[in-house]
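Welcome, and thanks for opening your viewer.

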Amino acid sequence: MKISEVLTGIEALYEQMTEQCFSHIAKHKEEIKIDALALVELEKLVSHLQHTELYNLSLIKTIQTLINHESFLYKLAILREPELENIAEKADFVGNERQDIEKILRISYIKKRSQYIEEALEDIKKLKASLEELLYAKKVQKEG
């Protein structure tokens with residue numbers, strides 16, 4: 001894969017992440033969304049750059065650390081709201097019980113999501129800055 005293709009892919013992912021995530025950092029944290037597949041794709045693209053001598057290895061390693069499968073960014077990306085329909089087949093719920101259980105599951109999900117957002121917030125900011133730094137060279141090339 002050519003470096004220009006890698007950078008174009010990273011730029012597209014950066015734009016997607018800006019729309020879904022980075023633009024909500026300051027005001028609407030609860031609206032932050034991170035696509036797990038985008039993180040996987042970003043990791044693949046960044047690893048291509050790791051094998052060149054054109055980019056700061058420290059910057060590449062920072063991005064890889066921020067998006068690895070142990071990071072809060074990744075945990076936030078894979079967190080899904082529980083769906084009672086998956087459980088309903090195995091359990092017999094009466095109307096009110098079902099509503100109570102759905103409410104408890106929703107509250108639990110919201111708390112966990114809020115916790116992950118708070119824990120990932122600094123990493124989100126670092127990822128944004130790191131990607132901007134990485135893409136700066138591409139921007140300079142376009143202008144030049």
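Select Glu81 to begin: is Glu81 buried, partly exposed or exposed? With a relative accessible area of 34%, Glu81 is partly exposed; here buried means under 20% relative accessible area, exposed over 50%, and partly exposed in between, with a 1.4 Å probe and protein chains only.

Before moving on, a word on conventions. This is a predicted model, in which local features need pLDDT of at least 70 and side-chain atom pairs count only at pLDDT 80 or more, while totals for chains, interfaces and linings use all residues. Residues are numbered from 1 along each chain as its sequence is written, and side-chain values use heavy atoms, leaving out hydrogens and water.

**Stop 1: the salt bridges**

Because Arg106 sits in helix α6 and Glu81 in the loop between α4 and α5 (84–88), the pair ties together parts 25 residues apart in sequence. Helices are DSSP runs (H or I, at least four residues), numbered from the N terminus. Arg106 is partly exposed, at 36% relative accessible area.

The whole structure holds four salt bridges. For another, select Glu122 and Lys125, whose side chains meet at 3.5 Å, N to O. Both lie in helix α6, three residues apart, about one turn of the helix. Glu122 is partly exposed, with a relative accessible area of 46%, and Lys125 is partly exposed at 37%.

Next, pick Lys128 and Glu132, which form a salt bridge of 2.7 Å, N to O. They too belong to helix α6, four residues apart, about one turn of the helix.

**Stop 2**

Now select Asp123, in helix α6 (residues 95–143). Leaving aside neighbours within four places in sequence, Asp123 is in contact (heavy atoms within 4.5 Å) with Leu66 and Leu73.

**Stop 2: the rings**

How many aromatic pairs are there? The count is two, where rings of Phe, Tyr and Trp (its six-membered ring) pair if their centres lie within 6.5 Å, with planes under 30 degrees apart called stacked, over 60 edge-to-face and the rest tilted. Select Tyr14 and Phe22: this tilted pair has 5.7 Å centre to centre and 45° between the planes. Both Tyr14 and Phe22 are buried.

Then show Phe72 and Tyr116, a tilted pair at 6.2 Å centre to centre and 55° between the planes. The pair links distant parts of the chain, with Phe72 in helix α4 (residues 72–78) and Tyr116 in helix α6, 44 residues apart.

**Stop 3: the core**

Finish with the largest nonpolar core, of 39 residues: a set of buried Ala, Val, Leu, Ile, Met, Phe, Trp, Tyr and Cys residues joined through side-chain atoms within 4.5 Å. Ile10, Phe22, Ile34, Leu42, Ile124, Leu127 and Leu131 touch the most other members. Helix α6 gives the largest share, ten residues.

How values were computed. Helices (H or I, at least four residues) and strands (E, at least two) are DSSP runs, numbered from the N terminus.
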